[in-house]
Each structure stands twice: as structure tokens, then as C-alpha cells.
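Welcome, and thanks for taking a look at this one.

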Amino acid sequence: MSAAEGSGTIRSRIKNLLRSPSIKLRRRSGAARHKEDLSDKVTLEKVLGITAPGNRACVVVLLNPRKNKQHYIFNSSRKAITTLAFSPDGKYVVTGESGHMPAVRVWDASERLQVAELQEHKYGISCVAFSPNGKYIVSVGYQHDMMVNVWNWKKNVVVAANKVSSKVTAVSFSDDSSYFVTAGNRHVKFWYLDHAKTSKVNATVPLLGRSGLLGELRNNFFSDVACGRGKQASSTFCITSSGLLCEFNDRRLLDKWHAAVIHTHTPPPRSDSQRSLNAASTASSTNIQHPLTAALLTLEPQRTSSCCGH
């Protein structure tokens, strides 16, 4: 018998052995024991939402945390919902979706019924937002879609539009609804609405866009954006994927950015007497802080910069 024939015989014997019922039985019994052990240690207490992969994510879960109740909005188009936002008064939810000829849909949050369907994008919608006055919706398409649309959603018309070539992941309206800001890959842009022109129902006017002055942070990925409110209305805040909190002033200039620094340490072992400290006195101590509060309090300035001309 040659070496090749011998090795072939050994392989076939091993395959037959692995196919035997006794081996499968042992495998199943081992898995069953492992599952029983886990069931003793892990119990499901509460379901707060639904996560679905791929194109099956056509459900919006509305959670009322006070009543601990959930309701659902089902997208009848069966297209994946990619983004959503509440109206300022909380009465409506706007959603964007992916797929061929996706729609911007507006839903009545209490009745969970669709009240508007807006179609202008071709490939997918990455982010949506209501204006603070509730009159407009802005929708930003996927990178290959390349469109930013501003809708008078109750009249189902695009009042302003323009192209964007960057990948955009977030959008936020200013406090007075006069402009909005988009953020994304090496991208922060301010878009201005001319209300005198957008009031013309049958005319779509070009959006006026001005890039933020990013200076030495121009190569960052800006993952989210929020326009200031109240006393901070003149500022716009962005967060980068590397963890920098950036502030733009009213001239679109990125002049401040910060990095969150969280200091941690391992406390020394405590004695029994220290462990039995009165709970009331411990709670009233000014040194005890919530972990999130502690993290925010240690937000330290990384740089204050004037980056005009960059």
C-alpha cells in the first residue's frame, strides 16, 4: 500500500467516526448542559427595543419611559429605516429609509399613522431633522445620492436644495430656523435659508452653503452636530470620531475644541469599620459623584485656537 493510499484511508476513517451518532449525541448533550448552566445565571428582565439587521429594520419602536410602554410604527414600504427625528412639539416623527427611490415619511406619533410621504432622493437617506418652527424638514441623502433637500412638508414640496459630495452623518437646525448644519467625513457645512424665496411654493431655490473653517482639524470625521440653544444660540457644537468636542462661533470658525479626560484609580482596601460607615453621611459627602458627572467635570481644554485662513 502506498503512502497516498494509506493517508486516504485514515482520512475516510476519521470522517466516518465524526459522522457517528455517538459523537453527535455527546456534542448535543454538552451544548444542552452549557445552555442549562446559562439559564440558571441569566434572566431576561425587560425589552427596551428591537434591533434588526439588513433590510428587515422597517419598524420604529416608540418607548414611553414613564409608563414603561412600547408602541410600534411599521414601514409599509418594507424598506429599512435608516434615520429618524421628532418634531419640536413631539407630535410627529420623521423617518428616512434606504433602497431605490426612498421616501421621507412623516408619522403621527400618537396615532402611529403616516401623514406625509416625500420623495426626491434616489438611493438612501442618511439623516433628517425638523426645523424648530416645525415648518420645514431637511433630509440628506447618502453619499452617492449627493442631495440636501429642504421640505415644506405639509405642502409636500421641496423649497430649497443643493448637492453635497461628502459623506454626511448628522444634521441640526439653528434655534431660529434660519440655517442648518451638516457634519460628516472631513465635512462641517452651514446651509442658509432665504425665507423670502422659500415662501414661493412652486419654486425650488438653491441652498446657499458655506463650509466651516476647520483649521488643523480638517481631516477629522465629524460624527454628530448640534446647534446651540438659548444663550448658546450663536455656537454650533460637533463631536469627532476621535472624541473631540468642537465649538464653532457665529463666523463658522472652529475656535475651541476639548478632549474628555477621565481619571481613574484603584482605591486602597478598606477596613471593616470603614465599610460600615453610615449611608446617610456617605451620600451627603461632596466627594461622591455620579460617574457621568465626574467624567463631565474632568472635561479639559485641549486647545484654544484661531484658525482663520485655514
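Here is a briefing on the chain as a whole, one histidine and the cysteines.

The model you see is predicted. Its protein chain has 310 residues, of which 35% count as buried, and it is built with 6 helices and 20 strands.

**The chain overall**
- The accessible surface of the protein chain comes to about 19,900 Å², and carbon and sulfur atoms make up 53% of that area.
- Among contacts in the protein chain with a separation of 6 or more, 41% are between residues 24 or more positions apart.

- You will find His-121 in the loop that runs between β6 (113-118) and β7 (125-130).
- His-121 counts as buried because its relative accessibility is 1%, and the cut-off for buried is under 20%.
- The side chain of His-121 has a polar contact of 3.0 Å with that of Asp-145 and another of 3.4 Å with that of Asn-149.
- Beyond its neighbours within four places in sequence, His-121 is in contact with residues including Met-101, Pro-102, Val-104 and Met-147.

**Cysteines**
- A search of the whole structure turns up 0 disulfides.
- Cys-227 is in no disulfide: the nearest cysteine sulfur belongs to Cys-238 and is 8.4 Å away, whereas a disulfide needs two cysteine sulfur atoms within 2.5 Å.
- Cys-227 is buried, with 7% relative accessibility.
- Cys-58 is buried as well, with a relative accessible area of 6%.

Methods
Residues numbered from 1 in each chain as written. Predicted model: local features only at pLDDT ≥ 70, side-chain atom pairs only at ≥ 80, totals over all residues. Heavy atoms only, no water. Buried < 20%, exposed > 50% of the residue type's maximum accessible area, 1.4 Å probe, protein only. Helix = DSSP H or I, 4+ residues; strand = E, 2+ residues; numbered from the N terminus. Polar contact = N/O pair within 3.5 Å; in protein donor to acceptor, adjacent residues only side chain to side chain. Contact = heavy atoms within 4.5 Å. Areas by Shrake-Rupley, 256 points an atom, 1.4 Å probe, with all protein chains shown as cover.
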